[in-house]
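Please consult the sequence and the structure as displayed here.

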Amino acid sequence: MSDKIGNSAYSFRFAKLLLIAGVSIILLIEAWCGYQMYCLSAEQKAHKMDYAFVNNVAYGLFSVDSWRDQLLSAAKEEVKDFRLMPEQDAYLRKEINEIMRAVVDHAFEVINREQTSFRGKLRKFAVKTFVNRGKIDKQVPDMTNNLMKEITRPATYRKLSKAADTALSQIGKAGYDSTVAANQLLMDSIFRIHDVSTRAAFEQKTVSRLTQIKTETYRYVYCILGCIFIILLLWLLLRNQRNLHVSLYLLSVASAMIILTIGLSTTMIEIDARIDKMELHFLDKTISFKDQGLFFQSKSIIEVVILLLKTGRVDSQVVGWLILVFSVLFPFMKLSSTAVALMSEDKWAKNRFIRYFAFESGKWSMADVMVVAFLMTYIGFNGIVASRLETLNYNHIPITSISTTNTMVQPGYIIFLSFVIYGFVLAAILKKISRNFTQL
Amino acid sequence: MVPAKQSQQTATSLLKTVVVAIFGILLITEVWFGYQVQQQAEARRVHKLAYAFVNNVSFGLLSVDIWRDQVVEKVRQEMGNFRMTNEQQQELRTAIDAKLQSLVNQTFAEINRPKKSLGGKLKKVAINTLVHEEEVTKEIPGFSKKIMGVLTSPSSYKRIANIADTTIAQISRKIYDSSVAATTGIMDSIYHSYGSSDKTSFELRNKQESDRLTKNCFQYLVVITSCAALMLFGWIIFRRKKNLRPVLYVFCALGALVLLFSGISLPTMEIDATLATMDIRFLNGSLNFRNQSLFFQSQSIVDVIRLLVGSGGMASIIVGLMIAIFCIGFPIIILLASGMAVINPEKWGQNKYVDYLGFHATKWNMADVLTVAILMTFIGFNGIIDNTLSTLDYAEESITSVTSNKTAIEPGYFFYLAFVVISTVLVAVLKRTRKIEMTEQLAINHSETLHYHE
């Protein structure tokens, strides 16, 4: 009999050790995956920040430099093709006519002036005899015609366009060159960090690395979810092994804490506002800008809290504290109070405070989940222009609009959500096993 | 004894009828206004969306056409007002002088060239006798003055302005946004639907309508909430009257459901970030952009759930379903279960599940969490938008701009909040009353047993 009891105690201890060892390995895997996720999310953030910087609207659509070349080349083309329009021709002709007439008028005036010298008198007489005023007046339009012909000769246009060309080339050249050089230097330094030399190569490399990071991160996410699943499976398998429940519960609490830490520290939401495309026609030339970044933010819960606390506005700070309470304080209180309640059954389990945290506080962590969900739907689906055009069947016209459709929730959100749900399940398990305990 | 009892009974049944009638009227009022508020809120949303669409920055600050029109207009004005300054006139005069001088020099050089023919020689002598180069040179300023007179005359300025104007017009025809044709069509159809032909009258009408509807929505909110609160108050007064309790509870629960339904289907929060004014200095004037809608969003809880579930992401779908289940489903289930317990205390009141769902499932009721979450989102959003917009506020010489953030809580939120408060109080009061009655029952039973033993 005593041998049998000893034997069963021995096998119980063995089973317990095995359980602890097994679950500890799961916890280690979980922690390792979490660390990898953290590193990957930091790397992803760095890549996206650089990408957003390089594609920022300040260096594209809103940059005078990037317009300058396009506009100047279009203007030069235009100058080359410049010809007077008929109506402009008419105005110019009239102008020249007026001037000619004035000159002729003045010439006769000068000659007809009272002359004192003999030569002057002689000249006046000669002109009066040989020159017919009316005839000259009649010649004015002919002269104008000749002048206009001269002006509208291709050679004159060529000369004109050449002059305009050099003038255009000179516009703001000094200032332009210095800013272009400075920007180039800045971009080059970023490209060098990523070990590329051109913008195209940088973009290609960043995009391919980002997709790689995404798949890797999701691999770790699934691994962590798998760990949670295994632990819950263990609960199912060991549901009748009451003597193992305390150890398993404490290990579950530890795993929940690891998941919570991962969820809090990895990127949860990414906000991205950009101008997708702008296209316009400028003097026979199509100018277009693509993917102009306006605003990019990538934040984990903790970073959001810090951001809100730093704003210096009381209401935002209150929200920051609330998020901190709901996503950090409550969950940790909850996990530790359930552990306490389970370890010292009677003394603490009846405490209202402990009971509240153990069983009721879990739902408040949903507040953070909901806030992010609301932010997502409000920002991520801001397609007022696009959606309206779609309903009107105009969805293929290139309207320049601000789009935020690249706003996304990140793996950190999935992990945090899993933690909240896992917390609900653990609370239910606790209720069940503590009732079992009370019955004992 | 019997008539007294009878009259008491008539009085009770009369009271019951009156109370039920009042509750009925309150509920009907609530439902009617609830229906009205649905209609008006929807109409208001359509107006607001149209306004935000028409004033969207895509069709203003980001539209090449608008820029072109403003620039061209300013340049034309500038051309019309173009007059040479004294300095410029001086310069031009010097240039004309020089040109005339070189012309005279050239002519005399031509005349004085050695001539071979007799006629040529004769001509040279004749001219040299009549005209001296110095004399002609002396006349040059007079000629330039005359020419300048013509050039600076108003009619000449007009001609020059006309030439410039037609050139600008010609160029501006070649600058346009790729979307211009479609945009004009859409805008015209929107204006047309308001019976307006241009933007100003559209905006005026739209603003009037949406202001009126906003006022109505808030008035209806007050009416509906007051009705629900009155019913709750009445129920609390009559909570111990066993014959009235079930019917009054049902009325109250239905009233609360009207609040819930309005709360989830009306917009909870409106985000409206606009660039109120932006003036960019250009030539002697400035380019002005007014009322540029940068960001507009207005969504109800149902919209949010729909978007989350429809987004395709696993996490979003789960969260959407959780909000639907815990913030809409459970509150309804709680009201249903507690209602069942009130209507038939013997049968359903003793049922374990009904009792749990009606009175102990608060952990699963996340309506309160949602109200806090929406408030947090609102404040957080306000902070983010103020922060982001402040980077667009310029007060420099070359550019001045004023942004405005009209992010606001909408009636939907207040309806939902009212629902949460009223349903919580309703169920809590019922729970307490049941508890008190149970202890009383126990006491009666106890005394009866004592009596029996004696």
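Strands, as the term is used below, are DSSP runs of E with at least two residues, numbered from the N terminus.

## Model and confidence

The model is predicted. The predictor assigns the complex an ipTM of 0.81 and a pTM of 0.83. In chain B, the average pLDDT is 85, and 98% of the residues score at least 70.

## Pairing of strand β1 of chain A

Strand β1 (residues 269-282) and strand β2 (residues 285-299) of chain A are antiparallel and share 13 bridges. They form a hairpin with 2 residues between the strands, and in the turn A:Leu283 has a positive phi of about 45°. Within this pairing, A:Glu279 has A:Ser288 as its bridge partner.

β1(A) also pairs with strand β4 (residues 408-409) of chain A, antiparallel, through 2 bridges; here A:Glu270 is opposite A:Met408. Another 2 bridges link β1(A) to strand β3 (residues 402-403) of chain A, again antiparallel, with A:Ile275 partnered by A:Ile402. The pairing extends to chain B: strand β1 (residues 175-177) of chain B runs antiparallel to β1(A) over 3 bridges, and A:Phe282 faces B:Ile175.

## Nonpolar cores

The largest nonpolar core comprises 154 residues, and A:Met370, A:Val372, B:Cys252, B:Ala256 and B:Leu259 have the most contacts inside it. Apart from this core lies another of 6 residues, including A:Ile99, A:Met100, B:Ile96 and B:Phe143.

Beyond its neighbours within four places in sequence, A:Val372 contacts A:Met268, A:Ile269, A:Val409 and A:Tyr413.

## A position in helix α6 of chain B

B:Ala164 belongs to helix α6 (residues 154-172) of chain B. Because 18 other C-beta atoms lie within 10 Å, B:Ala164 is partly exposed. B:Ala164 and B:Gly80 are separated by 84 residues in sequence, while their C-alpha atoms are 9.4 Å apart.

Terms used
Residues numbered from 1 in each chain as written. Chains lettered and ligands numbered in written order. Predicted model: local features only at pLDDT ≥ 70, side-chain atom pairs only at ≥ 80, totals over all residues. Core = buried A, V, L, I, M, F, W, Y, C linked by C-beta atoms within 7 Å. Buried ≥ 20, exposed ≤ 12 C-beta atoms within 10 Å, placed from the backbone. Contact = placed C-beta atoms within 7 Å. pLDDT = per-residue confidence, 0-100. Helix = DSSP H or I, 4+ residues; strand = E, 2+ residues; numbered from the N terminus. Pairing = 2+ DSSP bridges.
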